[in-house]
Structures are given as C-alpha cells and as structure tokens.
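Here is a short briefing on a protein chain and its pockets. Look over the sequence and the fold first.

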Amino acid sequence: MGGANGDAAEAAAAAEKQEEERRRKFAVLLCAEESEYVQKAYGGYLKVFVGLLGEEGETWHVYRAAHGELPTAAEADAYDGFVITGSCNDAQGDDPWIQSLVAFLKALDAKKKKVLGVCFGHQILSRALGGKTGRAEKGWDIGVTRIHPSHTIIDMQAPPNIPSHLPVIEFHRDEVLQLPPRAEVLAWSDKTGIEMFRYEDHILGIQGHPEYNKDIFLHLVDRMLQRNLIQTCQAEEAKRSIDAHELDREAWKRLCKGFLKGKLSW
C-alpha cells in the first residue's frame, strides 16, 4: 500500500516537473535596490514587470544583479528571455557587478537570447554590444517625454498599433551616445537621440520606463528630492509633465510583450 502511494507521488512529481519545463521562463535582472514602497504597494519590481509583460502559464524569476546575483550558464539556457531593469548606477561604471553583468550580456548575445533593457538596462546593453554611454548632452530627463518611433516599428508587417508620438515616463541623466555596430535606432525624442534601439532580432533597448505608472514615478521623484539628487524645480516640472500627459501603457505593453515573446516581425 505504501509502495503504491510512493509510486503515485513520484509520478505526480515527475508530471509537475515536466509541466514546469514546458512553461515559458523569463528572468528579471534587478540592477537597483528594491524600493520599500514598491515592495509594499506592488510586491516588488518583479511583479511590476510581470504586470507589464507576463502571461498566464509562464514562470518568472528575479536575480539581484546589483548584488552580483546572475544565472549560471546552465540556468540561462533554460530561459526564453531576460529583462534588465533601471538603476541609480552609471552603465559606464566599473563596479564588479557591472563588469559581471556586461560579460553575462555578451554571453546572452552569443546565444541569441531575447533581452529587453530598460533605462540603465538599455544603456548597459549598448555598452556590452560595443556602443558608448555617458552623461546626457541635454541633462536630466525627468517626467513624461513624447518619443517618435521610427518607420521600422510603425510599418512592420504585423504592427502592434504603435502611435507616431508615444509618451513614456523618463528618469535618467545618462544616455546611449553611440550605437553598437549593426544596431538600429527605433525611436528618438527632442532630448534624447537614441530612445530605443534594436540589435539584430533578439535585443531591444528602451531609455524610458514603460513599467512605471504615475504612482511609482511620483514616489521616485519625492525620494530623489529628499536625497538631494534632483532639485526642487526639476521635481515640480516632472510632476507637471505627468499631470499634463496621458500615458499609453497598453501600447508599450503590446510592443514589449511582442518583442519578448517573438510576436513581432521586424
């Protein structure tokens, strides 16, 4: 009797393992300290990104890249795609964890893994692929910026209905100054020449924050102001900009999910 029960339990465990292996798997590489507010209000940045990109039946994990935590080579092989978050660090820095991340991204590129980079993630991808990052020529960009997608996006064979002027929340003072070889600009704005870029069919960088909502942004503005990292006039202007513009989160969701899940035809 016990043997039969044991066999049934083993069979159930094996079936569960097979089901897990069939699910699509994605990883978020967290490059910043987790905000206590975002943890309490939203369950952390992993859940924020899953809310934007996730679909039923998928498995999502988080690796704290800023603490040196990255997937092993074998673990990386099991993932269908990766998302690199923003950070308060400079993508051109030489901190040990940044150097490790650059090496890891080069390995993902060699494997043609799908990688989506946001803000710092956008910049560190450019660096890993041979581009150049640095302080933005026009200074801080904080608030809602209207970016201009290229015809590569707008005229795709299976377009995700992306408007010609797309608002996005921005919070950066660094930018991609020079594209990696063979990369293509997909969007620009009045302040930033490279708002989006793609590298072949498997890497996409976005300077803005499609994962942010108004609440997360306003909390970040207040936190940066309290730490004297931005000036009062910058904070006030940023808050005015988010009140004056309507965010098109659904358009960003279609674009980012379409890229990460392989549903876009460039």
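What volume does the second largest pocket have? The second largest pocket has a volume of about 200 Å³. The model is predicted: local features need pLDDT of at least 70, side-chain atom pairs count only at pLDDT 80 or more, and totals for chains, interfaces and linings use all residues. Residues are numbered from 1 along each chain as its sequence is written, and side-chain values use heavy atoms, with hydrogens and water left out.

**Terms for pockets**
- A pocket is an open set of points on a 1 Å grid over the protein atoms alone, where a 1.4 Å probe fits, with protein on both sides within 12 Å along at least five of seven lines; lining residues have an atom within 4 Å of a point.
- Grid points are joined across faces, edges and corners, and a volume is the space filled by probe spheres set on the points.

**Second largest pocket**
- Its lining includes Trp 140, Lys 191 and Ser 241.
- β6 (141–149) and α9 (232–244) each give two or more residues to this lining.
- β6 supplies the largest share, five residues.

**Largest pocket**
- The largest pocket has a volume of about 650 Å³.
- It is lined by 31 residues; Gly 86, Ser 87, Cys 88, Asn 89 and Met 224 are the closest to its centre.
- α8 gives the largest share of the lining, three residues.
- At least two lining residues come from each of α3 (45–53), α6 (120–128), β7 (166–172) and α8 (214–226).

**Whole chain**
- The chain holds ten helices and eleven strands (DSSP runs numbered from the N terminus: helices are H or I, at least four residues; strands are E, at least two).
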